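This briefing goes through the side-chain contacts of one protein model, topic by topic. Look at the structure first, then read the points with it open beside you.

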Amino acid sequence: MAENGEEKLLAVARHIAETLGQNDTMADEILQIFSNFDGRFSREKLSEKMVDQDPRGCGSLDRTLNSLDRRISQYVAIDHPIWADSAASSAFLEAIDELIGTIRAWSPMASENPVGACLARADDLLQQAMFRLQDEFRSLMERGAESFELSRNNRDSTGNLSFDSEDENEENEEELLDNGGHIPIAQPVTDYNMLIDALPSGTINDLHEIAKRMVAAGFGKECSHVYSVCRREFLEESISRLGLQKLSIDDVQKMPWQELEDEIQRWIKAANVALFILFPSERQLCDRVFFGFSSAADLSFMEVCRGSTIQLLNFADAIAIGSRSPERLFKVLDVFETLRDLMPAFDSVFSDQYCLVLRNEAVTIWRRLGEAIRGIFMELENLIRRDPAKAAVPGGGLHPITRYVMNYLRAACRSRETLEQVFDENNGVVQSNKLEDRGSYSSSMSVQMAWIMELLESNLEVKSKVYRDNALCSVFMMNNGRYIVQKVKDSDLESLLGDDWIRKHTAKVRQYSTNYQRSSWNKILGALKLDNSSLASNAIAKSMKEKLKLFNSQFEEVCKTQSTWLVFDDQLREELRISVSRLLLPAYSNFIGRLQCIPEIGRNADRLIRYSPEDIENRINELFEGGTGSSGGRK
């Protein structure tokens with residue numbers, strides 16, 4: 001009975017609403033009043049019977065859709081941009097807002113057949129509206145970029161950004177003047193902490209209003225796609241204007257080294273401009289257009305920047321996996337340092353979840369560049385090991401491998417901070433058994449440098465065996481050892497290798513000098529050794545004549561030979577001459593003095609003595625010049 005009473009009560013309420021309501025909208029309002037008055041008069045219960053009795057099904061919704069269809073269709077059908085007229089764009093957005101609101105309001109009753117049919121029609125209308133909004137969004141972005149570019153180019157400000165060197169700018173200006181052209185004002189980029197307003201502020205606001213409707217209607221991905229396509233083209237064009245070509249990894253590896261060096265310089269400029277100016281500017285634009293919709297903003301930004309970022313990273317990757325030839329070290333270091341310095345910018349600009357893959361890829365390639373640098377040093381080690389000991393360097397001079405390695409290491413030490421970072425990140429690259437006193441070095445880089453020195457020294461020792469003359473072998477090692485110590489002391493190698501290393505190798509140079517003197521002059525000194533005075537006077541005279549003759553012959557031969565030898569270092573050459581003079585002159589002067597005192601020789605001594613002590617000293621001073629010595633001396 002209670003159920004029948006409630007049903008009758010609902011029937012009466014529905015009848016009142018149908019009778020008093022002049023149209024469906026008024027009837028809906030009356031039903032809403034009943035619903036608010038008594039909980040038994042729920043909207044669903046009151047409208048249920050009315051819907052069943054409406055042969056057209058949900059008449060109110062149908063009429064609302066008819067009205068919205070007329071309003072929206074007129075804008076969908078026009079063949080010119082809606083946003084050319086602010087009143088038209090406002091009216092179009094207002095109609096879309098009403099359509100979205102209507103769909104949301106009636107969606108809870110979508111399971112009812114009449115309502116469901118109307119909502120399907122509403123969805124079709126909404127889709128048409130979204131397609132048109134999508135076109136308007138694209139048009140706004142394209143026209144906004146064009147008009148903004150024109151306005152910027154007409155201003156004497158930073159509208160044009162120049163990334164060329166001053167020399168290149170001067171060449172371009174001269175060319176334009178020769179052709180009678182106008183020179184646009186281009187400001188070189190010196191401050192990378194700047195953002196570019198990529199679109200006019202009014203256009204950004206219009207885009208935001210469109211994006212807000214498309215996201216609300218469930219078309220956020222479509223909006224993001226249109227945005228991404230337009231901005232991606234702009235960004236790629238900007239990168240291209242910086243002079244960076246679109247090159248595959250294979251293209252980079254096939255490029256001649258000279259061209260690749262130039263391309264690396266362009267890449268460094270482009271990477272800095274992209275990470276510090278272009279990408280942050282795109283991030284700012286995304287955040288403004290998709291304000292309030294962080295997920296859409298993040299997705300759009302990733303899609304915009306992904307292609308250009310991959311282009312930049314692929315180039316660095318091609319450098320990382322390319323040739324390990326030692327001469328490439330310095331450009332690889334440039335790329336490594338650039339990417340390292342850009343890491344904070346990568347973390348800042350690509351901070352959202354969608355960009356995580358780009359961030360991780362940058363870190364991976366940066367580490368791969370570190371591996372490439374370590375690989376280049378391994379190749380340098382192999383180059384030293386494989387350098388053949390074939391033809392001897394004339395005169396025992398400086399070997400090309402010594403000059404190459406030492407100048408190479410000195411240049412490398414200009415990037416000491418970077419190399420220490422590279423070697424410390426992979427401490428195992430220099431095995432502990434490479435150096436016996438590894439623990440005496442302060443860092444992994446110190447160990448690496450000491451190991452290369454040891455390899456070079458071993459290689460030079462093998463090369464020295466090419467010389468058949470032991471004295472020349474010592475001169476060769478002395479020359480190269482002296483050069484190595486000098487280069488170490490004149491660079492960061494000194495602090496890397498330490499004072500102990502320098503003392504040890506300076507002592508080696510002195511030992512080579514001692515070995516030279518022993519090999520060259522001990523035999524000659526033996527000829528000046530005085531005989532036992534117990535011999536008969538005539539026997540002593542004969543012996544000393546023979547000794548002097550032997551000395552003259554040996555001394556002449558040594559001077560003739562060693563005047564063609566080379567000691568490149570002025571100080572070392574002078575030290576050697578002084579050392580030989582101090583060794584030889586006292587013995588020779590003593591011998592000559594004794595000879596002149598022998599009665600059997602007497603006045604004939606001057607005929608026997610070919611060289612005076614001064615002549616000996618002069619001949620010694622002609623040694624190690626690397627040319628043909630004079631024959632000076634008395635006859």
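Phenylalanine 301 is buried, with a relative accessibility of 0%. The model shown here is a predicted one.

**Aromatic pairs**

- Across the whole structure, the search finds 20 aromatic pairs.
- One of these pairs joins phenylalanine 301 and phenylalanine 350, with 5.6 Å from centre to centre and 35° between the planes. The pair is classed as tilted, because stacked rings need planes under 30 degrees apart and edge-to-face rings need over 60.
- Phenylalanine 301 belongs to helix α12 and phenylalanine 350 to the loop between α13 and α14, so the pair ties together parts that are 49 residues apart in sequence.
- Phenylalanine 350 has a relative accessible area of 0% and is buried.
- For phenylalanine 336 and tryptophan 366, the ring centres are 5.5 Å apart and the planes meet at 25°, so this pair counts as stacked.
- This second pair also links distant parts of the chain: phenylalanine 336 sits in helix α13 and tryptophan 366 in helix α14, 30 residues apart.
- Both phenylalanine 336 and tryptophan 366 are buried.
- Elsewhere, one aromatic cluster is made up of Trp521, Phe551, Phe555, Tyr588 and Tyr611.

**Packing of two helices**

- How are α11 and α13 oriented to each other? Their axes lie 11 Å apart and form an angle of about 10°. The two helices are therefore roughly parallel, because angles under 35 degrees are counted that way.
- The contact of α11 with α13 contains 14 nonpolar, three polar and five charged residues.
- Helix α13 covers residues 329-349.

**Salt bridges**

- The whole structure has 31 salt bridges according to the search.
- Arginine 283 and aspartate 298 form one of them, with 2.9 Å from N to O. The arginine is in helix α11 (residues 257-289) and the aspartate in helix α12 (residues 294-320), 15 residues apart.
- Are these two side chains buried or exposed? Arginine 283 is buried at 13% relative accessibility, and aspartate 298 is buried at 16%. Both values fall under the 20% limit for a buried residue.
- Lysine 463 and aspartate 387 form another salt bridge, with 2.8 Å from N to O. Lysine 463 lies in helix α17 (residues 444-464), while aspartate 387 lies in the loop between α14 (356-386) and α15 (400-412), 76 residues apart.
- Lysine 463 has a relative accessibility of 4% and counts as buried, whereas aspartate 387, at 23%, counts as partly exposed.
- A further salt bridge connects arginine 577 with glutamate 625, whose closest N and O atoms are 2.6 Å apart. Arginine 577 is part of helix α21 (residues 570-596), and glutamate 625 is in the segment after α23 (613-620), 48 residues apart.
- Arginine 577 is buried, with a relative accessible area of 7%, but glutamate 625 is partly exposed at 46%.
- Salt bridges also link Asp97, Glu209, Lys212 and Arg213 in a network.

**Cysteines**

- How many disulfides does the search find? The number is zero for the whole structure.
- A disulfide needs the two sulfur atoms within 2.5 Å.
- Cysteine 305 is buried, its relative accessible area being 0%.
- Cysteine 559 is also buried, with a relative accessible area of 1%.

- Phenylalanine 624 is not a glycine, yet its phi is positive, at about 65°.
- Phenylalanine 624 counts as buried, at 0% relative accessibility.

Notes. Residues numbered from 1 in each chain as written. Predicted model: local features only at pLDDT ≥ 70, side-chain atom pairs only at ≥ 80, totals over all residues. Heavy atoms only, no water. Salt bridge = Lys/Arg side-chain N within 4 Å of Asp/Glu carboxyl O. Helix = DSSP H or I, 4+ residues; strand = E, 2+ residues; numbered from the N terminus. Buried < 20%, exposed > 50% of the residue type's maximum accessible area, 1.4 Å probe, protein only. Axes fitted to C-alpha atoms, helices over the stretch in contact; angles between N-to-C directions. Parallel < 35°, antiparallel > 145°, perpendicular 65-115°, else oblique. Nonpolar A, V, L, I, M, F, W, Y, C, P; charged D, E, K, R; others polar. Phe/Tyr/Trp six-rings, centres within 6.5 Å; stacked < 30°, edge-to-face > 60°.
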